[in-house]
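Biologist: Let us go through this model term by term. I will ask what each label rests on.

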Amino acid sequence: MHVRCVICDRDGEIPDESPEAKRIRNRPIHTYMCTECHDRIAQKTAERLATGKFVFRRTSESSEEEF
Ligand SMILES: [Zn+2]
């Protein structure tokens, strides 16, 4: 099936029977991302994780204490 990367607008082809093709067919709103962009974003996410921004805060002032 013909796809276009939502990030870099590059045309691509994925096997009709691949899980991703099925997902896009079932939900047209689902967008395709080429491997390159996917990897780049995965790397960015990893870098952001490494900065500690997404570390869960476990302070005593959180409402988690209600449990
Ligand atoms: Zn791309």
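Biologist: Why is Asp 9 called exposed?
Modeller: Its relative accessible area is 53%. Exposed means over 50%, buried under 20%, and partly exposed in between, with a 1.4 Å probe and protein chains only. Asp 9 is therefore exposed.

Biologist: What are the ground rules here?
Modeller: This is a predicted model, where local features need pLDDT of at least 70, side-chain atom pairs count only at pLDDT 80 or more, and totals for chains, interfaces and linings use all residues. Residues are numbered from 1 along each chain as its sequence is written, and side-chain values use heavy atoms, with hydrogens and water left out.

Biologist: Where is Asp 9, and what is its phi?
Modeller: Asp 9 sits in the loop between strand S1 (2-4) and strand S2 (11-13). Strands are DSSP runs of E, at least two residues; helices are runs of H or I, at least four; both are numbered from the N terminus. Phi of Asp 9 is near 65 degrees, a positive value in a residue other than glycine. Most residues other than glycine have a negative phi.

Biologist: What makes Met 33 partly exposed?
Modeller: The value for Met 33 is 27%, so the residue falls in the in-between class. Met 33 belongs to the loop between helix H1 (19-26) and H2. Its C-alpha atom is 9.1 Å from that of Asp 9, 24 residues apart along the chain.

Biologist: Which residues does Met 33 contact, beyond its neighbours within four places in sequence?
Modeller: Cys 5, Val 6, Ile 7, His 38 and Ile 41. Contact means heavy atoms within 4.5 Å.

Biologist: Which residues coordinate the zinc ion?
Modeller: Cys 5, Cys 8, Cys 34 and Cys 37, each through SG, at 2.3 to 2.4 Å. Donors are N, O and S atoms within 2.8 Å of the metal (3.2 Å for Na, K and Ca); water is not among the atoms, so sites may look incomplete. The donor residues are spaced C-x2-C-x25-C-x2-C.

Biologist: What makes the zinc arrangement tetrahedral?
Modeller: The angles subtended by the four donor atoms are 104 to 115 degrees. Four donors count as tetrahedral if all angles lie between 85 and 135 degrees. The arrangement is therefore tetrahedral.

Biologist: Which residues form the largest nonpolar core?
Modeller: Val 3, Cys 5, Ile 14, Ala 21, Ile 24, Tyr 32, Cys 34 and Cys 37, eight in all. Such a core is a set of buried Ala, Val, Leu, Ile, Met, Phe, Trp, Tyr and Cys residues joined through side-chain atoms within 4.5 Å.

Biologist: How do you know that the span of H2 agrees with expectation?
Modeller: The expected span is 1.5 Å times one less than the number of residues. For the 17 residues of H2 (residues 35-51) this gives 24 Å, and the end C-alpha atoms are 24 Å apart, so the span agrees. Just after H2, Gly 52 takes a positive phi of about 90 degrees.

Terms used
Tetrahedral: all angles 85-135°; square planar, octahedral: opposite > 155°, others 65-115°.
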